[in-house]
Amino acid sequence: QEKSSCLSAALFGEDCEISRDQLYELLKFAALGKCHSAAQPSWCRIYRQSHLAGVVVIVLPEMSQLHFYQFYLQFRHLRKVFRHRFTLTPSANFLASLYGEGANPKPQNTAQGLTSTSSKSSDLKCDPIFQKYGGKKRGLTSYILTSEELNKYDYPIKGSTRWKGYVCTGCDKQRTDSSPLFGLDCEMCLTAKGNEVTYVSLVDARGQCLLNELVKPQSEVVNYRTSFSGITEEMLLPVKTSLSDIQTRLKKILPRDAVLVGHSLNNDLQALEMIHPSVIDTSLLFARTGNRRFKLKFLARAVLGKEIQCEEMVGHDPAEDARTALELAQFFIEQGPAKVAELNLEMLLKAENLAEVSKKKDALQPQGCRVQQQLNEPPHLSKPCFLECLQVTGQKPLLLGRQELDSSGLCQSNLSTSNKQILQKALEDVPLSTFSIIQFSLGPENISSRLLAELCEKVGSKLTDMLTIYAGPFEENFRLKSVKKKFGKCGPIQCLTVVTETYQPYVCIQYEVLEAAQLAVESLNGAEVAGSCIKVQRPVTAAMLDCDVLIKELELDVENEGVIYVAGLKQSVTEKDLQEEFSQLKDLEMLFLPKDLQSAKHRNCCFLKFQKSQSAVDALEVINGWTLKGSKLRSRHALASGHLWRWIWQMNHSNGKQRGNIFYKKMQQLPDSEQDLKKKVKKLDNHIQKLYRSLQNNTLCVVLFPGVN
């Protein structure tokens, strides 16, 4: 879950399962951007990764998906906050492999027995950015070039004879920290007159292009500089726009308090022959020692995690460059100079240069020499994980945990350390770190195979109970086919049996989805079916006494927000039919038609997700009673998300066994061990809530239930 979320992913049905490698992709890109070969995850997307304040991974090492379902009501805060949930595919030695094979970050021991590393580099104050701007965040006016700096860095200045004939933008209003930012970039060709502008791009603070136009040079072109400008003779032949046209348009577009942002913007303003008093120059903003400057391409990759000016492209894209410079300035202003200094850009550049030199050196060597060199070198046991990459860039990860995880090499501590102590340390240190791993533990006594087997049986039985309904009484000679048809309209039926132990026959119906069972209880209780007025109820067992509470909590779960269940579809109905039928529903975002995982045939139900909760409520009123291809539809709020739906299906089909009739199950008290476990889980939930509330906005927070095997 991201505070001020910028992560999107497909969440329905088949898309609810991810592998260890996919999770690794997400964490690596969130932590590093496109540096160190990190790419956008293949299964979801993080927008504006450079705006992430940090990544926090909370690990509950002994717990799995099973525990989440068993203690669903106890995980009250977790359910309320984390709307994106995925099943992790089984993986041996999960935690050790997740952070890179052989990865073994060396944490520091603290007085409390906790493991911790600080993200604050000891030589942060020596960084030129920190020395120039200090550590505190400032408004944008603090980064506008002064008149002395404009003169020093060769910017056109009003009143100077050198810039005689240059046009003023007319932006003469006092600037404030809320003044609008605009990104500007130009491409130039060499003409008989000198550098003349041939392409101009202007973007607003949201990155939208306000001006993106080719310009006809006044003099004859001597060199098009196509490899840099991307301009060719053919491109300029039909162009009629002159420099004066561009000057006029810029004066109209820019408000009087506009602040222009660009990379070495003095060259662009000189080519435009224009004077603007308020400028943020990103080549100077990201200061280096000795007045050297970082290239825009490097800053885009290192700070924003994006690739620009790619080799396969002919020339630069001025709109892309203008947008990049603007985003760099926005990042600097929003995150502050201390955060930028922590990126350790100088070290990153050195690492890139060394890698490039090594690559060129290898390319110059004969093939046989390279093979011999590889044979003589010691074998690489593993490639560095992204935690090690973070340490190279100065972003040291924070590790907090207990001794049980020694085997993974992630944390070391003494056994006396409690979850409460870990929480207190996390509240202090997490705000100082860009990547944190916090591990809470239930203790080894709660992960015995016997207890896990008991939990699995309890969860399986309870879900079976919730999927099961009893209907009756019926007449002795009733038609079972009529009952199946009536109850089948509520959703897919797993099995249907006649109960004969009673005075009059009843029918036990087990559905495949929770919504179907609940719909049957709500809509068919008291109805006339197969010639009898029947009662519809769930099994009465100790585990089912809180069923109504659980159903209500599932319905209110943020994961099911704006999602409704629709039943009564005919087998002949296709997904295209449904899209056409439901296209008139307001704010419909997604349609999911579940399929049998064995036969691949679609079920007689579907799920609809709406952008707004109220639109889902309105759709329920419209759909109930709706007729589609002669079949009457029924609908209600969704209860089971994709990962639970899949888990139920696997429980029902494991080893081909059915759980049978559990109506007369013996009432049992919970053992003391499970009662204690409930209390511990509730405390863990409170710890997660406290830690989550302390996080900065734009923090990516992931909670892992990896399980013991």
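User: Are arginine 603 and glutamate 512 buried or exposed?
Analyst: In this predicted model, arginine 603 and glutamate 512 are both buried.

User: What do arginine 603 and glutamate 512 form?
Analyst: They form a salt bridge, in which the closest N and O atoms are 2.5 Å apart.

User: How many salt bridges does the structure hold?
Analyst: The structure holds 18 salt bridges. One of them joins lysine 462 to aspartate 546, with the closest N and O atoms 2.8 Å apart. That pair also links distant parts of the chain, 84 residues apart: lysine 462 is in helix 19 (residues 449-467), while aspartate 546 is in the loop between strand 23 (535-537) and helix 22 (547-556).

User: Why does lysine 462 count as buried?
Analyst: Lysine 462 counts as buried because its relative accessibility is 19%, and the cut-off for buried is under 20%. Aspartate 546, at 27%, counts as partly exposed.

User: Where do lysine 425 and aspartate 429 lie?
Analyst: Both lie in helix 18 (residues 419-429), four residues apart, which is about one turn of the helix. Lysine 425 and aspartate 429 form a salt bridge whose closest N and O atoms are 3.7 Å apart, and both residues are buried.

User: Which residues are linked with Arg85 in a network of salt bridges?
Analyst: Arg85 is linked with Asp557 and Glu559 in such a network.

User: Turning to the rings, how many aromatic pairs are found?
Analyst: A search of the whole structure finds 17 aromatic pairs. Among them, tryptophan 43 and phenylalanine 86 are arranged edge-to-face, 5.0 Å centre to centre, with 80 degrees between the planes.

User: Where are tryptophan 43 and phenylalanine 86 in the chain?
Analyst: Tryptophan 43 is in the loop between helix 1 (20-32) and strand 3 (44-46), and phenylalanine 86 is in the loop between helix 3 (76-81) and strand 5 (87-88). The pair links distant parts of the chain, 43 residues apart. Tryptophan 43 counts as buried at 17% relative accessibility, whereas phenylalanine 86 counts as partly exposed at 22%.

User: What about tyrosine 133 and phenylalanine 332, and what do they form?
Analyst: They form an edge-to-face aromatic pair, 5.4 Å centre to centre, with 75 degrees between the planes. Tyrosine 133 lies in helix 5 (residues 128-133) and phenylalanine 332 in helix 13 (residues 318-335), so the pair ties together parts 199 residues apart in sequence. Tyrosine 133 is buried at 7% relative accessibility, and phenylalanine 332 is buried at 0%.

User: Which residues form one aromatic cluster with Tyr72?
Analyst: Phe68, Tyr69, Phe75 and Phe705 form one aromatic cluster with Tyr72.

User: Which residue lies over the face of phenylalanine 294?
Analyst: Arginine 288 does, at 4.5 Å from the ring centre.

User: A last topic: where is threonine 191?
Analyst: Threonine 191 is in strand 9 (residues 181-191) and counts as buried at 4% relative accessibility.

User: With which side chain does threonine 191 make a polar contact?
Analyst: The side chain of threonine 191 makes a polar contact with that of glutamate 196, at 2.7 Å. Leaving aside neighbours within four places in sequence, threonine 191 is in contact with Glu196, Pro217, Ser219, Glu220, Val221 and Val222.

How values were computed
Residues are numbered from 1 along each chain as its sequence is written. This is a predicted model: local features need pLDDT of at least 70, side-chain atom pairs count only at pLDDT 80 or more; totals for chains, interfaces and linings use all residues. Side-chain values use heavy atoms; hydrogens and water are left out. Rings of Phe, Tyr and Trp (its six-membered ring) pair if their centres lie within 6.5 Å; planes under 30 degrees apart count as stacked, over 60 as edge-to-face and the rest as tilted. Helices (H or I, at least four residues) and strands (E, at least two) are DSSP runs, numbered from the N terminus. Buried means under 20% relative accessible area, exposed over 50%, partly exposed in between (1.4 Å probe, protein chains only). A charge sits over a ring if NZ of Lys or CZ of Arg is within 6 Å of the ring centre and within 35 degrees of the ring normal. A polar contact is a pair of N or O atoms within 3.5 Å; within protein, one must be able to donate a hydrogen and the other to accept it, and residues adjacent in sequence count only if both atoms are side-chain atoms. Contact means heavy atoms within 4.5 Å. A salt bridge is a side-chain nitrogen of Lys or Arg within 4 Å of a carboxyl oxygen of Asp or Glu.
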